[in-house]
Amino acid sequence: CVVVILNPKENKQQHIFNTARKSLSALAFSPDGKYIVTGENGHRPAVRIWDVEERSQVAEMLGHKYGVACVAFSPNMKHIVSMGYQHDMVLNVWDWKKDIVVASNKVSCRVIALSFSEDSSYFVTVGNRHVRFWFLEVSTEAKVTATVPLVGRSGILGELHNNVFCGVACGRGQMTGSTFCVSYSGLLCQFNEKRVLEKWINLKVSLSSCLCVSQELIFCGCTDGIVRIFQAHSLQYLANLPKPHYLGVDVAQGLEPSFLFCRKSEAIYPDTVALIFDPIHQWLSCVYKDHSIYIWDVKDINKVGKVWSELFHSSYVWNVEVYPEFEDQRACLPSGSFLTCSSDNTIRFWNMDSSPDSHWQKNIFSNTLLKVVYVENDIQHLQNMSHFPDRGSENGMPVDMKAGVRVMQVSPDGQHLASGDRSGNLRIHELHFMDELVKVEAHDAEVLCLEYSKPET
C-alpha cells in the first residue's frame, strides 16, 4: 500500500501511504512530475492521484470492479487512462480534474502495458495476443455529457498474432508516428502510423519483459540481467547494458568498481523486470527480479556507469536484530549495524552510517549493505517467482515455499549469530569471517523463537 519515492543522489526515500489499505498494482508520474497516479487491487479499486511534493491525495476515481492493471497520464495532462484486470474488462479515459469518465470501452483479454502517443491523440494497449490503438480526439470531441464509447482499432500483427506482448512505447521526437512493442517470446516489433507491423527482430533471449524508449534509443529488458539497446529509427542493435551482480554474490568482496563488470562463468543473473529512462539526466533505472534496483548512466552507451544500486531481500523479512554496542575492540561489525533475515534464505548485515571508520570498506553494490550470508548456499529463492511470466498477475500472492531464516539473535559477546530456519534447523555463524560453525536439525517444523542465555545469570 506504499509508493516509495527514491532520490538516488541523496540516497533518501519518501513514502506515499495509501490510507485505503489496498495494495497498489500500477502507477505512473505525470509528465510535469508533480503528480503520481496509482491503480489498486481488491473490491472497488480506485484510481488515485497524489501530489508528489505534499505526498497527499488529490483525487479518487471509482470505475473498476476487481483491480487496475495499468494507468497513465496523457502527455498534455488532460486525461488519465486506466485499464482494469482481465475480468474487470473496463478501459476508462478520465477527465481527472472534473472527475468524469469521458470515454470507455471493454477489453476481454489481459492487458499488460499501455503507452500514450507524444501528441496525446491516441494510446496503445498491449497484452495477451493483443495490440490495440485507441483514438482520443475522435472519442472525446463529442460535447455530450454522457460517456462515449472509446474508438479502438487493432494493430495488424500478421503472423505474430499468437504472441503475448508485455511492453509498449510510442516513439518520441522524429519517431513520433511509430509504436514499439516487445513480446515475452523475445521479439521487438515496430508498427507504423497505419498500425501495420513494419519490422521485427529477435532479441535472442529466453524471455523478455519490458521496454522503454528515448528519442534515439530503445531499451529492452530481458531474462538473466540482459538489457539490449537499439537505435530507434533503424532498429539497429547497438549494445548491451552491463549486467548487475550475479545471484549469490558476496557483496563484501565487491570493493573494486571493475568487479561489477567482470563476468563469472556459470553464474546466474537476476531477470530484468522493469525499466524506465530519464531523458534529463540520461539515466536508465532498472528493477531486477531479486528486488534489486540499479540506476545506470547511459549518456555514452559504450561507457555505461552506475549511479546508484541497492540489493534488497526478495521475500518476506521475518526478523530484525540490532548489533550490540561494545566499548572495546571486540565488535565484529561497525557501530550501528543491524541484521535482517528473510524467506529468501539470506541473512543481511546493514549499516546506514556513512562514517569511513572500520575495516568494512564500502562495496560497489550498495551504500548500506555490508554482507550477505547465503544459508544453504542456495540461490533458488533469491528471485521472486510470484510474477513471471504472468507479470501483474491478478492473483499476485507470492508462493510461500517453506524456505528461509525465521529468527536470529546475536550472542551477548557479539561474536556469534544464532539463527533458526523454517525447516527446523538451528545454525551458529561466527561473525568475524561469517563461517557456519554449527548446524543442528533441531526441530521438525519451523523455529519460531530462540534466545541466548544472559552471561550474568
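Modeller: Keep in mind that this is a predicted model. In it, K289 and D271 form a salt bridge, with their closest N and O atoms 3.2 Å apart.

Biologist: Changing topic. What domains does the protein have?

Modeller: The domain assignment gives domain 1 as 2–311 and domain 2 as 317–441. Their centres, taken over C-alpha atoms, are separated by 32 Å. At the contact, domain 1 contributes 38 residues and domain 2 contributes 27 residues.

Biologist: What area do they bury between them?

Modeller: About 2800 Å² is buried between domain 1 and domain 2, and 56% of that is on carbon and sulfur atoms.

Biologist: Which three residues of domain 1 supply more of its buried area than any other three?

Modeller: Those are V251, K289 and L311, which supply 22% of the area that domain 1 buries against domain 2. K289 is also the residue in the salt bridge with D271.

Biologist: How many salt bridges are counted between the two domains?

Modeller: The count between domain 1 and domain 2 is one salt bridge. D250 forms a salt bridge with K371, and there the closest N and O atoms are 3.2 Å apart. For polar contact, the count between the domains is eight residue pairs.

Biologist: Which elements give two or more residues to the side of domain 1 that touches domain 2?

Modeller: They are α2 (258–261), β24 (272–278) and β27 (305–310). The largest share comes from β27, with four residues. By type, the residues on that side of domain 1 divide into 20 nonpolar, ten polar and eight charged.

Biologist: Now the whole protein. How many helices and strands are there?

Modeller: The protein has two helices and 35 strands. Its radius of gyration is 24 Å, close to the 23 Å that the globule rule gives for 457 residues, so the protein is as compact as a globular protein of that length.

Biologist: And what box do the C-alpha atoms fill?

Modeller: Taken along the principal axes, the box is roughly 80 × 45 × 40 Å.

Conventions: Residues numbered from 1 in each chain as written. Predicted model: local features only at pLDDT ≥ 70, side-chain atom pairs only at ≥ 80, totals over all residues. Heavy atoms only, no water. Domains from an automatic or database assignment. Contact = heavy atoms within 4.5 Å. Buried area = accessible area lost by both parts, 1.4 Å probe. Salt bridge = Lys/Arg side-chain N within 4 Å of Asp/Glu carboxyl O. Polar contact = N/O pair within 3.5 Å; in protein donor to acceptor, adjacent residues only side chain to side chain. Nonpolar A, V, L, I, M, F, W, Y, C, P; charged D, E, K, R; others polar. Rg over C-alpha atoms; globule rule 2.2 N^0.38 Å.
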